[in-house]
Amino acid sequence: PRVMDIESLTERVHGLTQGNPFYVKSFLDYLHEFGLLHFDSISSCWSWNFTDDDTPNDIVDIFVRRLHNFSESSQLMISLAACLGNVFRLKDLSTISDHSFEECLTILTPLLDKRLIASVNKGESERRPHEQSSSDWFAFMHDRVQQAAFQLISNENIRTVHLKIGRQLLDEMTEEELDLNLFKILEYLNFGSKLIDAEFEQKRMVELNMLAAGKAKAATAFG
């Protein structure tokens, strides 16, 4: 099929994406999802019509706009996932979101369908959604997607969200798991530490940070 004024479209796409294949596809997906690029079956031609206001400011803005097109529950879930990292475990997402892992997967399915995230279970063939388990791992398709998802959280709530994540992961972990994930847990807790008022929790924070300092010192000594 033909593309209307392909030279101008190519210039606009390249101007934003610099020819990066993933960015090009993502920009075209954005245009199609928002009805700015469509196929005219009568003329058998791809037509497009978008203004400067329709054009994302940068690569991250492409994904921010696309994510805003999903349901509020999907936006909230993917923003929490972004806080867990570029790669995240369904079990951890279930813990911090107060949803069962089946509910998390259902909410994430539209994002999987759009290939903004993907299952990354090593050594296994790709499975269908109903075959996933709570121990499964997922990854953002690109760090710019994760960055966009993170931006869905308002500046006013970012410390609250991190503190909640740290608290819930800490409560769910065994002593062995805490030993393996201590530094990661403290990233969340320390980021939200200004919101901690309870004396017992402040003391627990001191203990955890001292434990982490000891582990770091020991690692350096035996490095």
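User: Which residues does Ala-149 touch, not counting residues up to four places away in sequence?

Analyst: This is a predicted model. In it, Ala-149 touches Leu-67, Ile-78, Ser-79, Ala-82 and Phe-140. Contact here means heavy atoms within 4.5 Å. Ala-149 itself lies in helix H7, residues 143-150.

User: What makes Ala-149 buried?

Analyst: Its relative accessible area is 0%. Buried means under 20%. Ala-149 therefore counts as buried.

User: How far is Ala-149 from Lys-217, in sequence and in space?

Analyst: The two are 68 residues apart in sequence. From C-alpha to C-alpha, Ala-149 and Lys-217 are 35 Å apart in space.

User: Phe-140 was on that contact list. Why is the pair of Phe-88 and Phe-140 called tilted?

Analyst: Take the distance first. The ring centres are 5.7 Å apart, and rings pair if their centres lie within 6.5 Å. Now the angle. The planes stand at 55°. Stacked needs under 30 degrees, edge-to-face needs over 60, and the rest are tilted. So this pair is tilted.

User: Where in the chain do Phe-88 and Phe-140 sit?

Analyst: Phe-88 is in strand E4, residues 87-89, and Phe-140 is in strand E6, residues 137-140. They are 52 residues apart, and the pair links distant parts of the chain.

User: Are Phe-88 and Phe-140 buried or exposed?

Analyst: Phe-88 has 1% relative accessibility. Phe-140 has a relative accessible area of 4%. The cut-off for buried is under 20%, so Phe-88 is buried, and so is Phe-140.

User: How many aromatic pairs does a search of the whole structure find?

Analyst: It finds nine. One of them joins Phe-27 and Phe-50.

User: What makes the pair of Phe-27 and Phe-50 edge-to-face?

Analyst: The planes are 75° apart, with 6.2 Å from centre to centre. Edge-to-face needs over 60 degrees, and a pair needs centres within 6.5 Å. Both values pass, so the label is edge-to-face. Phe-27 lies in helix H2 (residues 21-33), and Phe-50 in the loop between strand E3 (45-48) and helix H3 (59-67), so the pair ties together parts that are 23 residues apart in sequence. Phe-27 and Phe-50 are both buried.

User: Which residues do ring pairs link into a cluster?

Analyst: The cluster holds Phe-27, Tyr-30, Phe-34, Trp-48 and Phe-50.

User: How do you know that the charged end of Arg-12 sits over the ring of Phe-50?

Analyst: The charged end of Arg-12 is 4.9 Å from the ring centre. The limit is 6 Å, and the charge must also be within 35 degrees of the ring normal. Elsewhere, Arg-159 lies over the face of Phe-191, at 4.9 Å from the ring centre.

User: Why is H4 called roughly perpendicular to H6?

Analyst: Helix H4 (residues 72-84) and helix H6 (residues 101-113) pack at about 95°, with axes 9 Å apart. The range for roughly perpendicular is 65 to 115 degrees. That angle makes H4 roughly perpendicular to H6.

User: Which residues meet where H4 and H6 touch?

Analyst: H4 brings Ser-73, Ser-74, Met-77 and Ile-78. H6 brings Cys-104, Ile-107, Leu-108, Pro-110 and Leu-111. The contact of H4 with H6 has seven nonpolar residues, two polar and no charged.

User: What makes H4 roughly perpendicular to H8?

Analyst: The axes of H4 and helix H8 (residues 158-172) cross at roughly 70° and come within 11 Å. The range again is 65 to 115 degrees, so H4 is roughly perpendicular to H8. Leu-80, Cys-83 and Leu-84 of H4 meet Val-161, His-162, Ile-165 and Leu-169 of H8. That contact divides into six nonpolar, one polar and no charged.

User: Why is Asp-5 called partly exposed, and Arg-115 exposed?

Analyst: Asp-5 has a relative accessible area of 38%. Exposed means over 50% and buried under 20%, with partly exposed in between. Asp-5 is therefore partly exposed. Arg-115, at 58%, counts as exposed.

User: What is phi for Asp-5 and for Arg-115?

Analyst: Phi of Asp-5 is near 45°, a positive value in a residue other than glycine. Arg-115 has a positive phi of about 60°, although it is not a glycine. Asp-5 is in the loop between strand E1 (2-3) and helix H1 (6-17). Arg-115 is in the loop between H6 and strand E5 (117-119).

Methods:
Residues are numbered from 1 along each chain as its sequence is written. This is a predicted model: local features need pLDDT of at least 70, side-chain atom pairs count only at pLDDT 80 or more; totals for chains, interfaces and linings use all residues. Side-chain values use heavy atoms; hydrogens and water are left out. Axes are lines fitted to C-alpha atoms, for helices over the stretch in contact, and angles run from 0 to 180 degrees between N-to-C directions. Helices (H or I, at least four residues) and strands (E, at least two) are DSSP runs, numbered from the N terminus. Angles under 35 degrees count as roughly parallel, over 145 as roughly antiparallel, 65 to 115 as roughly perpendicular and the rest as oblique. Ala, Val, Leu, Ile, Met, Phe, Trp, Tyr, Cys and Pro count as nonpolar, Asp, Glu, Lys and Arg as charged, and the others, Gly among them, as polar. Rings of Phe, Tyr and Trp (its six-membered ring) pair if their centres lie within 6.5 Å; planes under 30 degrees apart count as stacked, over 60 as edge-to-face and the rest as tilted. Buried means under 20% relative accessible area, exposed over 50%, partly exposed in between (1.4 Å probe, protein chains only).
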